[in-house]
Structures are given as structure tokens and as C-alpha cells.
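This briefing is meant for someone meeting the structure for the first time. Please look over the model before reading the points that follow.

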Amino acid sequence: MAALDPKAMGKLIATGATTRVDAPATKPKFKIGDRVAARNLSPVTHTRLPRYVRGKRGRVERVHGVFALPDTHAIGAGRSPQWVYAVTFDAAELWGPQGRGAGRLTIDLWDDYLDPA
Amino acid sequence: MNGIHDLGGMDGLGPVLREANEPVFHGDWERRVFAVFIATIVGGLFNDDEFRQARERLEPARYLKAPYYEQWLLAIQRLLDEKGIIKKADIEARMKKLATGAA
Amino acid sequence: MAQDHHDDGPSDVALRVKALESLLVEKGLVDPAALDLIVDTYENRIGPRNGAKVVAKAWADPAYKARLLEDATAAIAELGFTGAQGENMVVLENTATVHNLVVCTLCSCYPWPTLGLPPTWYKSPPYRARAVRDPRGTLREFGVELPEGVEIRVWDSNAEIRYMVLPERPKGTEKLSEEALARLVTRDAMIGVGRASAP
């Protein structure tokens with residue numbers, strides 16, 4: 001691999017890079033308003049499913065599009081592109097009685113992190 | 001992984017410490033780490049998820065205490081070493097040379 | 001904690017990055033001139049002034065605001081702000097009844113083209129831990145007291161979407177130019193831990 005010169009580097013920074021798939025071959029599993037549950041998963045490698053949402057129930061708020069799944073992308077196991085949704089949880093669902101007054105929380109979750117609820 | 005990086009909801013970490021008029025970088029070494037990071041990730045030597053995973057695998061106490069850009073540096077070093085692009089031993093040999101002014 | 005560190009760094013780190021950089025250059029993997037360009041870009045050219053222009057335009061131009069809330073990436077690109085860590089933008093509107101707050105609990109995801117590189121506190125364990133669990137208390141630390149009736153909405157930007165807050169337009173700014181409006185927009189207001197300044 002040749003080193004990028006400043007011109008090429010500048011161009012790439014200004015363009016950015018995303019794992020978004022522009023013309024997805026699949027349809028989203030969920031639509032806005034659907035009730036979903038975050039799966040309870042504990043992979044020993046990388047995941048973007050934090051512990052505090054695992055097993056918790058929320059609602060799909062936005063459908064963002066299709067992106068590489070970090071779990072496989074981080075370990076050289078391919079991009080496994082799939083749909084990502086903004087899922088909203090009540091603070092009380094996440095934190096129990098101590099979550100009162102903490103409103104709602106939204107986090108972006110991939111198909112593999114979700115089940116219908 | 002169920003690592004120290006997964007901080008959401010953890011108690012007891014103290015107040016959020018803010019610095020008035022914080023500069024973008026706090027010293028030249030931070031500048032260099034950031035630039036090396038961008039050059040190597042944009043250059044395709046690793047991807048962002050690999051980088052995040054490398055940072056998460058830092059020893060937990062170090063993850064909490066090491067300056068942010070030191071964590072980045074250690075993550076880059078680990079990835080380049082694991083991929084056989086630049087071995088950690090070669091970095092350390094070069095450090096010795098630089099320290100004695102031989103390079 | 002990490003944020004206590006504000007000197008020139010432990011000599012080991014400074015030496016280590018120097019060693020790494022010299023090996024990368026020697027192997028032809030990195031061009032030293034490209035490194036200088038990267039530093040200049042993020043230290044001098046990209047920062048929260050970009051985001052402030054977006055917010056001011058949204059306050060001044062309702063059609064732009066509608067585009068910004070509908071497709072933030074495209075609307076922000078209209079002002080020339082594009083690139084790494086801003087490829088997939090969503091803008092969240094703060095109103096009299098809803099207050100949005102952005103965090104990245106797993107690392108330090110942040111919208112670079114509009115806000116620049118994140119401040120140390122944003123990347124620090126205390127903020128990442130508490131913003132999701134006790135957002136009202138976190139806001140209080142930043143001097144923002146939310147009235148009871150205001151709903152707080154926390155956005156944990158753990159994926160490829162980058163979130164930016166469109167703060168409420170301060171009262172008494174009806175006659176201000178876009179340029180003057182932009183001066184009222186703080187970085188913290190666009191993260192959701194502050195409000196726009198009064199004129």
C-alpha cells in the first residue's frame with residue numbers, strides 16, 4: 001500500500017467513509033412503532049450492544065438504513081450488513097424505580113441485536 | 001465483550017471534570033497520535049470496529065486511568081502488531097534508539 | 001481519571017508515538033506531509049463554529065430547518081461540512097417541552113465535521129456512565145436546570161449515526177443576523193449539555 005499524499009488524504013477526510021449500504025437487498029424486519037426487545041447477548045469479542053439495554057423492551061423510533069455489523073467487522077469476519085434502528089426505551093425500563101424522571105433513551109441497534117416483543 | 005468500556009449506568013466515577021477553554025490537543029504527542037490514527041485508518045490498515053475492539057481490550061485499570069490519546073496509541077500499536085504490519089518489538093527498539101539519539 | 005492529564009504526556013508515550021511515526025514513514029505507509037495536513041485540518045479548520053453556522057441558519061430560515069430535521073447529512077453538506085464522522089447525521093430539535101442530550105457510552109463517537117474533536121469530558125468515564133442513568137443530574141453539573149415538565153431524551157450514539165442538537169433559539173434575537181446568531185451557539189448547546197447564550 002502506498003502512503004496517501006496530502007491531497008488524497010484531504011479528499012478522503014472530506015468525503016468520509018461509511019459502511020452504509022445505499023441500495024439494500026433486504027427489507028427491514030421492523031418498522032417505526034414496532035415493539036422490540038434487545039437480545040441478551042454476551043459475546044467475548046466486540047459488540048455495540050451495551051449491557052444496560054440487554055433484555056430490555058423498547059420501541060422502534062427511526063429506521064436508519066443498512067450498515068456493517070460491528071460484531072463481525074471488528075474480527076475480520078466480514079461486514080454482515082443489516083438494518084439499524086433507533087430504538088427508544090423508557091428510563092424506568094432500563095433502570096427500574098431509580099430511572100424515574102430520566103425520560104427516555106434512544107440507542108441505535110442492528111437486526112441481530114433485536115427480537116420482536 | 002463485557003469490558004470496562006461498557007460504562008453506561010456505572011456509579012461512583014465522580015463528577016464530570018471540565019476544562020475551561022480546552023485546546024484541541026494538549027501537547028504535541030496528542031497531535032502526533034491523532035494524525036497517525038487518521039493516516040493509518042484512512043490508509044486502510046485497520047477499520048474503526050477493529051480499532052474500538054483494540055481499545056476495549058486494554059487492561060481495565062489502564063482503560064480508566066490512561067490519557068485518552070495514550071489509549072489510542074496502544075490500540076494502534078496492538079492492531080499493527082497483530083496484523084504483522086509493525087511489530088511491537090520494532091517500535092520498542094526504535095524507542096531505545098530515539099532515546100539515545102542513535103536514530 | 002484520564003481527564004487529569006494535561007501536560008506534555010509521559011515521556012514514554014511521546015517517545016512511542018515518535019517511534020511509531022518514524023517506522024510508518026520509513027515503510028512508506030504514511031506520508032509526513034499528510035500528517036501535517038491532518039493536524040491542521042482538525043486543529044484549525046474543523047470545530048464547533050461549523051455547527052454554530054448550521055444552527056444559526058436553521059433558526060433564521062424555516063425551510064432550511066425543515067431540511068435539516070428531515071435529512072441532516074444533506075442539509076449540513078449544503079454549508080460545506082462533510083466527511084469523517086459526519087457521514088450519517090441526525091439533528092435533534094430542543095423545544096420548550098423536550099430536551100435532547102447526546103452521549104457515546106461505549107467510546108467517544110461525536111460529529112466531527114460540525115463540532116470538531118470532542119472535549120475530554122465527553123470522552124471521560126463519568127460523563128459516559130452518568131448521562132444515560134441520571135441525565136438531569138448530569139445537566140445540573142453543567143449548570144442546566146430542566147423544569148419538571150420538560151421531557152429529557154438521551155441519545156447514545158453507539159452506531160454509525162452521529163447526533164447533533166439544534167438548541168432552542170434564545171428570546172430577543174428576532175432582529176439578529178445569522179452571523180450574530182451563530183455567536184450565541186455554544187458547543188455544549190449542540191451536545192445538549194448547555195443552552196444557547198442570551199444575546
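Helix 1 of chain C covers residues 11-26, and at 1.5 Å a residue its 16 residues should span 22 Å. In this predicted model, the end C-alpha atoms of helix 1 of chain C are 22 Å apart, which agrees with that expectation.

**Helix 1 of chain C**

- Several residues of helix 1 of chain C are buried, including C:Val13, C:Val17, C:Leu20 and C:Leu24.
- Also among the buried residues of this helix are C:Arg16 and C:Glu21, along with C:Ala19 and C:Leu23.
- What do the buried residues of helix 1 of chain C pack against? In chain B, their partners are helix 1 (28-42), helix 4 (68-82) and helix 5 (88-100); in chain C, the partner is helix 2 (32-45).
- After helix 1 of chain C comes C:Gly28, which has a positive phi near 75°.

**Strand 1 of chain C**

- Strand 1 of chain C spans residues 89-93, and four of its five residues are buried, so the strand is largely enclosed by the rest of the structure.
- Strand 1 of chain C runs parallel to strand 4 (residues 162-166) of chain C, and five bridges join the two.
- Opposite C:Met89 stands C:Arg162, a residue of strand 4 of chain C.

**Chain C as a whole**

- Chain C contains 11 helices and four strands.
- Its C-alpha atoms fill a box of roughly 55 × 35 × 30 Å along the principal axes.
- Chain C has 199 residues, of which 61% count as buried.
- For contacts in chain C between residues at least 6 apart in sequence, 68% link residues at least 24 apart.
- Chain C has an accessible surface of about 7400 Å², and carbon and sulfur atoms account for 51% of it.
- Chain C carries 23 positive and 28 negative charges, whose mean positions lie 4 Å apart.

**Chain B as a whole**

- Chain B has five helices and zero strands, giving the order α-α-α-α-α from the N terminus on.
- Chain B has 103 residues, and 56% of them count as buried.
- For contacts in chain B between residues at least 6 apart in sequence, 55% link residues at least 24 apart.
- Chain B exposes about 4300 Å², with 51% of this supplied by carbon and sulfur atoms.
- In chain B, the mean position of the 15 positive charges is 6 Å from that of the 16 negative charges.

Terms used: Residues are numbered from 1 along each chain as its sequence is written. Chains are lettered from A and ligands numbered from 1 in the order in which they are written. This is a predicted model: local features need pLDDT of at least 70, side-chain atom pairs count only at pLDDT 80 or more; totals for chains, interfaces and linings use all residues. Side-chain values use heavy atoms; hydrogens and water are left out. Buried means under 20% relative accessible area, exposed over 50%, partly exposed in between (1.4 Å probe, protein chains only). Contact means heavy atoms within 4.5 Å. Accessible areas come from the Shrake-Rupley method with a 1.4 Å probe; for residues, only the protein chains shown count as cover. Lys and Arg count as positive and Asp and Glu as negative; His and the chain ends are not counted. The place of a charge is taken as NZ of Lys, CZ of Arg, CG of Asp or CD of Glu. Two strands pair if DSSP finds at least two bridges between them. The expected span of a helix is 1.5 Å times one less than its number of residues.
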